[in-house]
Amino acid sequence: MKFNKNSKYVRWGLTAFGVIAGGITFYYFIFHSTNIKSGIGTVLDILKPVLFGLATAYLLTPVLNFVENKILTPFLDMCNVKKGRRRSVFTRGIGILITAFLFVALIYMLISMLVSQIIPSVQGIIDNFDSYSKNFTDWVEQTLKDNPDIGKYVTRTLEQVEEKINDQFSDILPGTASIIKTVSQSIISVIDVLWDFIIGFIISIYVLANKERFAAQAKKSAYALFEQDTANTVIRNFRFTHRTFIGFLSGKVLDSIIIGILCFLGTTLLKTPYAMLISVIIGCTNIIPFFGPFLGAIPSAILIFVVDPMHPLNCVYFALFVLALQQFDGNILGPKILGNSTGLTGFWVIFAITFFGGLLGVFGMIVGVPIFAVVYAAVRAFVNTKLEKKQLPKETRQYENVEYIDEKGIIHPINVKAQNGKKNDRLQEKQKGECEEK
């Protein structure tokens with residue numbers, strides 16, 4: 001008997017198998033999710049260097065493209081170098097070397113800044129903690145001298161907090177062995193991450209060297225697995241996702257670097273304490289859309305106030321400067337760099353940051369906006385396709401005053417005058433009924 005794969009019995013059997021397998025998978029996912037998470041975590045730990053490499057290569061791709069297209073190619077054309085495979089290999093090799101050098105130089109600059117500026121600033125805050133606490137206590141006493149009872153209560157509370165902090169530091173000494181163990185484990189973890197990062201960096205070089213081949217293999221697989229129209233749609237959607245992510249992330253990083261530099265210049269002119277540390281905080285938190293400026297400005301303002309509470313105008317000047325800086329970023333610099341890379345309104349930006357921040361923490365707050373932008377674009381494309389099949393308008397504004405659409409697809413707007421007339425009639429009837437009751 002010849003096997004017919006298109007037989008209805010075969011399709012029924014495959015459907016039944018799929019339903020049973022799906023049910024078992026769903027049951028296992030609900031009641032044994034811990035094992036699933038553990039397995040996924042193990043796989044991610046094994047593939048961590050590869051993930052680092054792919055992420056690094058993805059972020060460095062725009063830099064490599066810029067070096068090749070804007071620097072090396074014009075230079076070789078000027079030198080009348082013939083086009084061919086040798087020139088392509090040479091361009092790619094030199095481009096990767098320049099890109100890797102820029103990446104390593106950036107990492108070196110960040111580490112040098114961390115060691116030379118930020119660590120001493122943090123050490124200075126720790127060393128001068130007692131004097132800052134005394135200054136703040138003196139400010140509280142001076143501010144509340146007209147209310148001695150409240151002043152004594154606040155002072156006593158601050159002294160208790162200071163005693164608890166000192167007790168915590170004193171309790172650290174007996175637990176030296178456990179501290180050494182914890183520090184050793186932390187050092188081992190850091191070394192492990194650095195090793196994965198180094199391996200990932202090497203992998204990223206191989207990915208950058210063959211990025212066109214990997215893209216071609218992905219397209220080849222798409223056309224092999226799907227129908228031609230479906231494959232075209234999949235590739236087009238991946239291109240849109242890539243443009244959204246790379247445009248938002250690269251633009252936001254560049255925008256945050258500029259804001260950090262401007263903040264350092266401004267805080268230096270204002271003679272703000274710990275200008276470098278505060279500028280790094282402002283620049284790093286600025287990567288988070290919408291909430292980032294507030295997350296960086298509030299602790300920085302508190303730090304400035306605690307350092308010198310007798311001169312509160314320093315904190316006020318800093319707050320005004322950051323407010324002006326963020327207005328410049330939001331209205332001038334940000335739109336110039338980012339443009340409309342996401343296509344989301346303010347409400348959806350806040351929603352994306354809140355939702356993905358709750359799921360993935362700070363990382364979710366950074367990547368939540370481009371992820372939701374892709375989802376939003378997919379839903380919008382699906383809705384527009386359905387409306388186009390029904391021969392209905394796709395512009396949202398055309399639905400603002402719609403009362404109903406008839407079978408012929410004609411839009412009937414809301415008759416505002418008629419509705420107002422009905423409201424007036426109901427109001428008059430209500431007033432008439434009240435008068436009759438009286």
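Leu-51 is partly exposed, with a relative accessible area of 40%; here buried means under 20% relative accessible area, exposed means over 50%, and partly exposed is in between (1.4 Å probe, protein chains only). You will find Leu-51 in helix 3. Helices (H or I, at least four residues) and strands (E, at least two) are DSSP runs, numbered from the N terminus. This is a predicted model, in which local features need pLDDT of at least 70 and side-chain atom pairs count only at pLDDT 80 or more, while totals for chains, interfaces and linings use all residues. Residues are numbered from 1 along each chain as its sequence is written, and side-chain values use heavy atoms, with hydrogens and water left out.

Leu-51 belongs to a nonpolar surface patch of about 690 Å², together with Ile-40, Val-43, Leu-44, Ile-46, Leu-47, Val-50 and Leu-54. Patches are made of residues with over 30% relative accessible area and no salt bridge, where like charges are joined within 9 Å and nonpolar side chains (Val, Leu, Ile, Met, Phe, Trp, Tyr) within 5 Å. Accessible areas come from the Shrake-Rupley method with a 1.4 Å probe, and for residues only the protein chains shown count as cover. Helix 2 (33-46) and helix 3 (48-78) each supply at least two residues of this patch, and the largest share, four residues, comes from helix 2.

## Salt bridges

How many salt bridges does the structure hold? There are five, a salt bridge being a side-chain nitrogen of Lys or Arg within 4 Å of a carboxyl oxygen of Asp or Glu. One of them joins Asp-45 to Lys-48, with the closest N and O atoms 3.7 Å apart. Lys-48 is partly exposed, at a relative accessible area of 24%. Another joins Asp-77 to Arg-87, where the closest N and O atoms are 2.6 Å apart. Asp-77 lies in helix 3 and Arg-87 in helix 4 (residues 85-127), so this pair ties together parts that are ten residues apart in sequence.

Arg-92 counts as buried, at 13% relative accessibility, while Glu-212 counts as partly exposed, at 41%.

## Two helices side by side

Now follow helix 9 (residues 228-269) and helix 14 (residues 362-389), which pack at an angle of about 150 degrees with their axes 10 Å apart. Helix 9 is therefore roughly antiparallel to helix 14. Angles under 35 degrees count as roughly parallel, over 145 as roughly antiparallel, 65 to 115 as roughly perpendicular and the rest as oblique. The axes are lines fitted to C-alpha atoms, for helices over the stretch in contact, and angles run from 0 to 180 degrees between N-to-C directions.

The crossing of helix 9 and helix 14 is right-handed. A crossing is right-handed if the near helix is turned clockwise from the far one by less than a right angle, and left-handed if anticlockwise.

## Loops with a positive phi

Most residues other than glycine have a negative phi. Tyr-274 has a positive phi of about 55 degrees although it is not a glycine. Tyr-274 lies in the loop between helix 9 and helix 10 (275-285) and is buried, with a relative accessible area of 17%.

Gln-391, which is not a glycine either, has a positive phi of about 60 degrees. Its place is in the loop between helix 14 and strand 1 (402-405), and Gln-391 counts as exposed at 71% relative accessibility.

## An enclosed helix

Ala-100, in helix 4, is buried, with a relative accessible area of 15%. Ala-100 and Leu-64 are 36 residues apart in sequence and 9.1 Å apart in space, C-alpha to C-alpha.

Gly-330 has its place in helix 12 (residues 313-338) and is partly exposed, with a relative accessible area of 48%. From C-alpha to C-alpha, Gly-330 and Pro-289 are 9.9 Å apart in space and 41 residues apart in sequence.
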